[in-house]
Amino acid sequence: MLQLRNGFHRRPPVGAGHLTVEYDPRPSAVREARAQVRRQLEGWGVAGQDELLDTAELLVSELATNALLHSASRFRVTLSAARGVIRCEVQDTGRRTPQVLEAGSSESGRGMFLVDALARRWGCHQDGQRKTVWFEL
């Protein structure tokens with residue numbers, strides 16, 4: 001469920017549905033994916049819920065960055081909303097399963113720690129040549 005500041009719950013509008021965008025493997029793609037997710041969520045009526053929007057942006061940024069760094073191939077971001085749950089999937093050609101690392105002083109490796117800490121649920125599955133990492137809010 002989406003939590004509003006006044007304590008009431010609100011579901012995304014019926015038919016809010018689904019968005020899929022494919023990105024070329026370039027650094028600006030991460031910024032583009034973040035912006036697209038925010039625009040889509042705002043279009044689905046999530047505007048004004050800054051914490052949810054910020055979290056979705058942060059987590060899609062982490063997954064898109066992992067796709068860019070570890071697969072160096074085009075990657076696909078799919079965003080959906082149903083029954084009060086927002087789900088984001090990032091699919092790439094990488095074979096490496098993401099691991100949650102301790103949040104230490106290293107410059108990298110903390111992305112999945114953030115996903116694990118902030119998402120309601122998350123997971124990963126391999127389908128042939130493609131890997132999909134997803135989270136739900």
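Me: Which residue in S7 is the bridge partner of Trp122?
Reply: The bridge partner of Trp122 in S7 is Phe135. This is read from a predicted model, in which local features need pLDDT of at least 70 and side-chain atom pairs count only at pLDDT 80 or more, whereas totals for chains, interfaces and linings use all residues. Residues are numbered from 1 along each chain as its sequence is written, and side-chain values use heavy atoms, with hydrogens and water left out.

Me: What is the order of the strands in the open sheet?
Reply: The five strands follow the order S3-S4-S5-S7-S6, with antiparallel pairing. Strand S3 (17-23) and S6 are its edge strands, since each pairs on one side only. On average, neighbouring strands of this sheet are turned by 15° against each other, direction ignored (axes are lines fitted to C-alpha atoms, for helices over the stretch in contact, and angles run from 0 to 180 degrees between N-to-C directions). Within the sheet, strand S4 (residues 75-82) runs antiparallel to S5 and is joined to it by seven bridges, and Ser80 stands opposite Arg87 in S5.

Me: How many helices and strands does the chain have?
Reply: The chain has three helices and seven strands, where helices (H or I, at least four residues) and strands (E, at least two) are DSSP runs numbered from the N terminus. Read from the N terminus, the elements run β-β-β-α-α-β-β-α-β-β. Helix H2 (residues 50-71) lies across S4, S5 and S7, and it runs at about 15° to S5.

Me: Why is Lys131 called buried?
Reply: Buried means under 20% relative accessible area, exposed means over 50%, and partly exposed lies in between (1.4 Å probe, protein chains only). Lys131 has 5% relative accessibility, so it counts as buried. Lys131 lies in strand S7 (residues 130-136), and its side chain reaches the backbone oxygen of Arg96 at 3.0 Å. Leaving aside neighbours within four places in sequence, Lys131 touches, among others, Val90, Gly94, Pro98, Cys124 and His125 (contact means heavy atoms within 4.5 Å).

Me: What makes the link between the side chains of Gln91 and Thr132 a polar contact?
Reply: A polar contact is a pair of N or O atoms within 3.5 Å; within protein, one must be able to donate a hydrogen and the other to accept it, and residues adjacent in sequence count only if both atoms are side-chain atoms. The side chains of Gln91 and Thr132 are joined at 3.1 Å, so the distance falls within the 3.5 Å limit. Gln91 is found in strand S5 (residues 85-92) and, at 16% relative accessibility, is therefore classed as buried.

Me: Is Gln36 buried or exposed?
Reply: Gln36, in helix H1 (residues 28-46), has 19% relative accessibility and so counts as buried. Beyond its neighbours within four places in sequence, Gln36 is in contact with Leu19, Val21 and Tyr23.

Me: How many disulfides are there by this rule?
Reply: A disulfide is a pair of cysteine sulfur atoms within 2.5 Å, and by this rule the count comes to zero.

Me: What is the phi of Ala72, which is not a glycine?
Reply: Most residues other than glycine have a negative phi, and most peptide bonds are trans. Ala72 has a positive phi of about 50° although it is not a glycine. Ala72 lies in the loop between H2 and S4, and its relative accessible area of 57% is why it is called exposed. Arg83, in the loop between S4 and S5, likewise has a positive phi, near 50°, and at 68% relative accessibility it therefore counts as exposed.

Me: What share of the residues of the chain counts as buried?
Reply: Of the 137 residues, 42% count as buried.

Definitions and conventions:
Two strands pair if DSSP finds at least two bridges between them.
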